[in-house]
Amino acid sequence: MRNKVMIAVLILFLLTGCWDSREIEDIGIIMGIGLEKSEEGNVEMVNQYVVPSQIPSAHGGDSNKIPFQNISLSGDTLFQIIRNNSFESNRPPNYTHLKTILFSSSLLKSERADELIDLFMRDHEFRRTTPVFITEESVNDVFSTQPTKELFPAIQIKALSENAGRNFFIPENLSIGDMSKYISENKSFLLPGLKLEEGKILSDGAGIISSDTFQFLGWVDKSKMGGVRFILNDIKGGYINFSKEEISDGPLVLELKGSNTTYEVNVEDGKVIMHLRIEATTSLGEDWGNYRTHFREGWKEEIEEASNSRIEKSILEVIKLAQEEYKTDFLNLSNWIRIYQPDFWSQNKKNWNQVFAEMEVTVEAKTTITDFGTQNLK
Amino acid sequence: MSDLKQLTSLQFIVVFVSTMIGVGIILMPRPLANEVDTPDIWFSIICGALIVGACAMIIVQLVSRYPGHTFFELSPLICGRYLGFLLNICYILYTLLVAAYILRVTAGIIKNYLLDTTPLFVVIGSFIIVSTYLISNGVGDVVRFFQLYFPIMMFMFIALGLLSLKDVDINELRPVFGEGIVPPLMGANVTFFSFLGFEFLLIFSKTFSKQKAKSLRIWMWASIGVTALIYMVFMALTVGILGIAELKQITFPTVEMAKSIEFQGFFFERFELIFLFGWIITAFTSFSAYYFAMWKGVNQTFRIHAKPLVWIVAALILGVSLYPSGLTEVFEYATYVNYAACVAIIGFPTLLLILSFVRRQNYAE
């Protein structure tokens, strides 16, 4: 009996559950990581800490407080920098809630992306879902802006892509896991870009990372992102705008409801011919032209035609950029060679970028307008 | 002593699925991707399952000639006292190796994802202590434990499968048989070992001594089938989410797959922790089966039944599992464990069956 009591008392102490507990205020929750080239030539890392006491409460607090603290240090490796954060802060950084990783393009010009993300893939605290971005601005400046809607710049950056399904000029987020996937598959890829304008963070095209060195190669302008996304086949929605000059009695907007790209790959005499077929479903979003009668047949043809050639043009433009200017396949087209021509792929995957530059690409777009809205103005 | 007498068909399947699925479900994708190097690794599972099924049939044949006898009882019966003793010692060593291997890998995963500052021997030690408590009361308790936790295990697998489905990129699984059928066929030599555990037909034999060989055959194929199905789904998911090139580099692919589950705007993250809690039970059931087999072997070979001796067995497992200095060595030694497994689960039963035929022994009524 006495033994049982002893055990019960002992268990009381062993099962308290507060062992090694830490107050949430004492954990340095990191919202964002920024990586930049330091003045000494090595890596500078900005860690955005949450400062819980400064978060304005719902019952009207002082909203002028800044709820985050950026600690910026430089060093040779990221691990070293993270541990050196303790020089300044007593809160050990915790990356389980990391929202954004931001690279500066100048850093990626001199350092390899695969080396820079090693820590993020190796350490169990980082998640594969954290999105990655690239910017030409100073990372410190981006992380110091005060967004209006979100509390933290790091969250604001991540939220930029939330409308990627409504506007195809905004790239979808690329997670660090996908980035690592591209790297292990030895592919070039695009990092979603952003820029600062009048103290605001804006989505701005994408940066190309080359498969040869995994370094920054160049920029894809945001006006070209539509073409990129048609090729990547990740469009969920968007709009196609036609100005007065492009269409009779314009301007006019087609709202893209969905788009599907199918790929056809043929190899003739060692030369790859790729045919992209885009089927876009649209509805009339806005029409400033007053003569069209949408209730009678015949109004669609001109618009569909214009939309087809617009889509085809935007795609060919991007492919030209990839084939001629950068000579690297950042459009993941190799995927379709791998799937449809596995034999050719296994022979040519080593020098794929060269084959890609000489590849012939044809595009055929087919737009259908299914809807025109609830009322016509006449 | 437990009240359990004979297993029903469902209990049988539960026991064998629980022993077969263990660390393989987390570790297998990487060596398999390295071996096959095409997205068809799911097909290797089918090939592996067929080979395993064939091996299991040898064991069923053996068991049905000696109903209710464990490996350790029938080996002296068939090849005499001295050779039988030798075989038993080898088999005990084999169970020791596998038990220690499972334990070490499990501890490695726990240390990597859950308890990174806890010393290794504490993780391993607590695992052994709990398992000792389970196995020291005999086969009935083991079976009941497997039964109790089987639904939890299945729930975890199904939950992970469903939650991951969203991230699957079907193009990663294409082209199907792009490099022919040979590479995935070769993968069978990796997948075979993830079915280890079926050999316990020779250990749990008391619990189905009254069954006919025919029903044992059907039950065995069903167990292997269920296991193969779960493995196939997970292989397809890991390739579909992580891609074959990435899979070759990830230490614990299935956990990483669970780690990539995220629903934006909806606070649902960190599912891998919940999954790991469920998975630890799977590893625990596999480990306990080997531990139990070893304990049974020591019991029956040396004819000693003093319960405190189980701690010696526990100490042996602890020692062996702590021997490798890091996970690199563990994975390195795994190849030798696999060779040992080939001998113990294909070599020994075949040898015994042939000898039994030659000596025209048959204990079946």
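Me: Into which domains is chain A divided?

Reply: Domain bounds come from an automatic or database domain assignment. By that assignment, chain A consists of domain 1 (22-220) and domain 2 (223-378). The model is predicted: local features need pLDDT of at least 70, side-chain atom pairs count only at pLDDT 80 or more, and totals for chains, interfaces and linings use all residues. Residues are numbered from 1 along each chain as its sequence is written, while chains are lettered from A and ligands numbered from 1 in the order in which they are written.

Me: What confidence does the predictor give to chain A, to chain B and to the complex?

Reply: The term pLDDT is the predictor's confidence in each residue, from 0 to 100. Chain A has a mean pLDDT of 89, with 98% of its residues at 70 or more. For chain B the mean pLDDT is 89, and 98% of its residues reach 70 or more. For the complex, the predictor gives an ipTM of 0.86 and a pTM of 0.90.

Me: Where in chain A is confidence lowest, and where is it highest?

Reply: Elements are DSSP runs numbered from the N terminus: helices are H or I, at least four residues, and strands are E, at least two. In chain A, helix α1 (residues 2-14) has the lowest confidence, at a mean of 84, and strand β5 (residues 100-104) the highest, at 95.

Me: How many residues does each domain of chain A give to the contact between them?

Reply: Two residues are in contact if their C-beta atoms, placed from the backbone, lie within 7 Å. The centres of domain 1 and domain 2 of chain A, taken over C-alpha atoms, are separated by 32 Å. Domain 1 of chain A gives 20 residues to the contact, and domain 2 of chain A gives 19 residues. On the side of domain 1, the elements of chain A that give two or more residues are β8 (189-197), β9 (200-209) and β10 (216-220).

Me: How do the residues on that side of domain 1 of chain A divide by class?

Reply: Ala, Val, Leu, Ile, Met, Phe, Trp, Tyr, Cys and Pro count as nonpolar, Asp, Glu, Lys and Arg as charged, and the others, Gly among them, as polar. The side of domain 1 of chain A that touches domain 2 of chain A has 10 nonpolar, 7 polar and 3 charged residues.

Me: Which elements of chain A give two or more residues to the side that touches chain B?

Reply: The contact between the chains takes 13 residues from chain A and 16 residues from chain B. On the side of chain A, the elements that give two or more residues are α8 (176-184), α11 (334-340) and α12 (342-348). The largest share, 4 residues, comes from α8(A). By class, this side of chain A has 2 nonpolar, 7 polar and 4 charged residues.

Me: Why are α4(B) and α15(B) called oblique to each other?

Reply: Two packed helices are described by the angle between their axes and the distance between the axes. Axes are lines fitted to C-alpha atoms, for helices over the stretch in contact, and angles run from 0 to 180 degrees between N-to-C directions. Angles under 35 degrees count as roughly parallel, over 145 as roughly antiparallel, 65 to 115 as roughly perpendicular and the rest as oblique. The axes of helix α4 (residues 41-65) and helix α15 (residues 327-358) of chain B come within 9 Å and cross at roughly 40°, and the two helices are therefore oblique.

Me: Is the crossing of α4(B) and α15(B) left-handed or right-handed?

Reply: A crossing is left-handed if the near helix is turned anticlockwise from the far one by less than a right angle, and right-handed if clockwise. The crossing of α4(B) and α15(B) is left-handed. Among the residues that make the contact are I58(B) and L62(B) of α4(B) and P349(B) and L353(B) of α15(B). By class, this contact has 9 nonpolar, 3 polar and 1 charged residues.

Me: At what angle do α1(B) and α10(B) pack?

Reply: Helix α1 (residues 9-20) and helix α10 (residues 213-242) of chain B pack at about 45°, with their axes 9 Å apart. The crossing of α1(B) and α10(B) is right-handed. In the contact, residues including F12(B) and F16(B) of α1(B) meet residues including W219(B) and V226(B) of α10(B). The contact divides into 8 nonpolar, 3 polar and no charged residues.

Me: What are the backbone features of P175(B) and N233(A)?

Reply: Most residues other than glycine have a negative phi, and most peptide bonds are trans. The peptide bond from R174(B) to P175(B) is cis, with omega near -10°; P175(B) lies in the loop between α7 (139-164) and α8 (182-186) of chain B. N233(A), a residue other than glycine, has a positive phi near 60°. The place of N233(A) is the loop between α9 (225-232) and β11 (238-242) of chain A.
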